[in-house]
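Me: I would like to learn how to read features of a structure, one at a time. Please give the general idea and then the case at hand.

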Amino acid sequence: MDRRAGRRGRAGGRRRGGRPRHRRRPLNGLPRGFGRFWTAMAATSFGTYVTSLALGVLVEQTLGGTSLDLGWANAARWAPYLAVGLFAGVVADRVRRRPLLAGTEFGRAAALALFPLLAATGLLSLGTVVAVLLLYGTLSVLGDAAEQSFLPRLVPAPALNLANVRLQQADAAAQGSGPLLAGGAVGLVGAPLTFLVDGVLHLVAGVLVARTRVHDPRPEPAPRRTVLRDLREGVRWVYRHPTLRPLALSTHAWFLCNAAISTVTVTYVLTVLDLGATGLGVVGAAAGVGALTGTSLAVRAGRWVGDAGTVVGGRLVEAAGAAALVGLPLLGAPLAAAAVGQFVLGLGMGLESPFELSHRQAVTPDRLQGRTNATMRSLNRAVIVVGAPAGGALALVTSPRATLLLAAAGIAVGAVALALSGFRHAGSPRERNRTDT
């Protein structure tokens, strides 16, 4: 930029009448508005981990359920992604994304308040838990479609990797502290009331998103554009793209295996290792510490091995962590050993997750952001509907240890297949040239 352009930029820093204009100053290399959005998403992430632990304790201890019951509860939480997920992407591309995201945060807060209400009225059962989770999941489908499509409007494309690393670091910090708080809260006030923590955090997130400054125009309606046509366009973009297609298929398989791991780990820690709710919180927190460590190293790892290498390597680390979760406790000190396994599992997630998401956002035009993100995220969550109860059932038929090892092997095989696919060119000059054209 020449000096005249610099003077024009400084002169533009004031409104007519001499009042200073709010300029977008960088925040650690990111726009000012990102800080408020980051805080909102950190609050939501923190509450999510509180709810995940509280749900496990609620089903298995408060209601006396089995690993299969917990699998069905988790399936209900994610089933709306299968039912309406693709249509949520169409909605996100047809409306302003900030009001949609803020509104779903408020709605999720109201849904979570139903848990203590049901407990107080004596109506809490596995059936009512599933019903509330279906409502919560439907709101989450719309919110997730808006969130991931909102970020590219807030942050320029070259900064998406950094922005997603910062968001993943917040999520990892929440994963490290959320289960500890949830474990203590469950012991103090019981699982149903613990859901209110997440509800309050969703309220806070909704207010912050509503106050985030961003250019968020309402898309102009296109003539003769049907919902099904929009839906097909988004699906074709994902599954015909040379790098998005293998990434999507591999990630679907990853979510299938991870759903089994997440479900069976609760039973494994509570019944096989007999560590109780507090131990479950400690083990979950270790995964958060690992994820925070991974995201702190992600940018450097990306420079060393590239975007594709970081995603593949991170998933191999995750497989090793899931295997260690089974093997290390056999040597003694089960709480510490399980925590180490979860730390390694979280480390791999922290390494690969920002690059997987950033690649998806970077290669997709704005008009398709909602549908692309919803297509991948919805089908990812849809396989949880299969993986969660399947993992619980397999643990009953065989054992939690055998199920965890099988899921770890599945993640490792998927990572190797991804390394051999067209995704190996992700982030390379060849991929950038294709995207530019």
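Me: Is L196 buried, exposed or partly exposed, and what is the reason?

Reply: Burial is read from the relative accessible area: under 20% is buried, over 50% is exposed, and values in between are partly exposed. In this predicted model, L196 has a relative accessible area of 35%, so L196 is partly exposed. The residue lies in helix α8.

Me: Which residues form the nonpolar patch on the surface?

Reply: The patch is made of L188, V189, L193 and L196. Together they have about 370 Å² of accessible area. Two elements, α7 (160–189) and α8 (191–210), each give two or more residues to the patch.

Me: Is T278 buried or exposed?

Reply: T278 has a relative accessible area of 58%, and exposed means over 50%, so T278 is exposed. T278 is found in helix α11, which covers residues 276–327. Its C-alpha atom is separated by 8.1 Å from that of G187, a residue 91 positions away along the chain.

Me: How is the packing of two helices described?

Reply: Two packed helices are described by the distance between their axes and the angle between those axes. Here, helix α12 (residues 334–362) and helix α13 (residues 369–397) have axes that come within 10 Å and cross at roughly 145°. The crossing of α12 past α13 is right-handed. On the α12 side the contact is made by E356, L357, R360 and Q361, and on the α13 side by Q369, T372, N373 and M376.

Me: What can be said of the salt bridge between E356 and R360?

Reply: The closest N and O atoms of E356 and R360 are 2.8 Å apart. Both residues lie in helix α12, four residues apart, about one turn of the helix. E356 is buried, with a relative accessible area of 9%, and R360 is buried at 4%.

Me: How many salt bridges does a search of the whole structure find?

Reply: The search finds four. One of them joins R108 and E105, with the closest N and O atoms 3.5 Å apart. These two residues are three apart in helix α4 (residues 97–112), so about one helical turn separates them. Both R108 and E105 are buried.

Me: Which parts does the salt bridge between R371 and E233 tie together?

Reply: R371 and E233 form a salt bridge whose closest N and O atoms are 2.8 Å apart. R371 lies in helix α13 and E233 in helix α9 (residues 227–240), so the pair ties together parts that are 138 residues apart in sequence. R371 counts as buried, at 4% relative accessibility, whereas E233 is partly exposed, with a relative accessible area of 23%.

Me: What is H252 in contact with, apart from its neighbours within four places in sequence?

Reply: H252 is in contact with Y239, M376, L379, N380 and V383. H252 is found in helix α10 (residues 244–272). With a relative accessible area of 12%, H252 is buried.

Me: How many helices and strands does the chain have, and how much of the chain counts as buried?

Reply: The secondary structure comes to 15 helices and zero strands. Of the 437 residues, 54% count as buried. The chain exposes about 18,800 Å², and carbon and sulfur atoms supply 64% of that area. Among contacts with a separation of 6 or more, 85% are accounted for by residues 24 or more positions apart.

Note on methods
Residues numbered from 1 in each chain as written. Predicted model: local features only at pLDDT ≥ 70, side-chain atom pairs only at ≥ 80, totals over all residues. Heavy atoms only, no water. Buried < 20%, exposed > 50% of the residue type's maximum accessible area, 1.4 Å probe, protein only. Patch = residues over 30% accessible without salt bridge, like charges linked within 9 Å, V, L, I, M, F, W, Y side chains within 5 Å. Areas by Shrake-Rupley, 256 points an atom, 1.4 Å probe, with all protein chains shown as cover. Salt bridge = Lys/Arg side-chain N within 4 Å of Asp/Glu carboxyl O. Axes fitted to C-alpha atoms, helices over the stretch in contact; angles between N-to-C directions. Left-handed = near helix turned anticlockwise from the far one by under 90°. Contact = heavy atoms within 4.5 Å.
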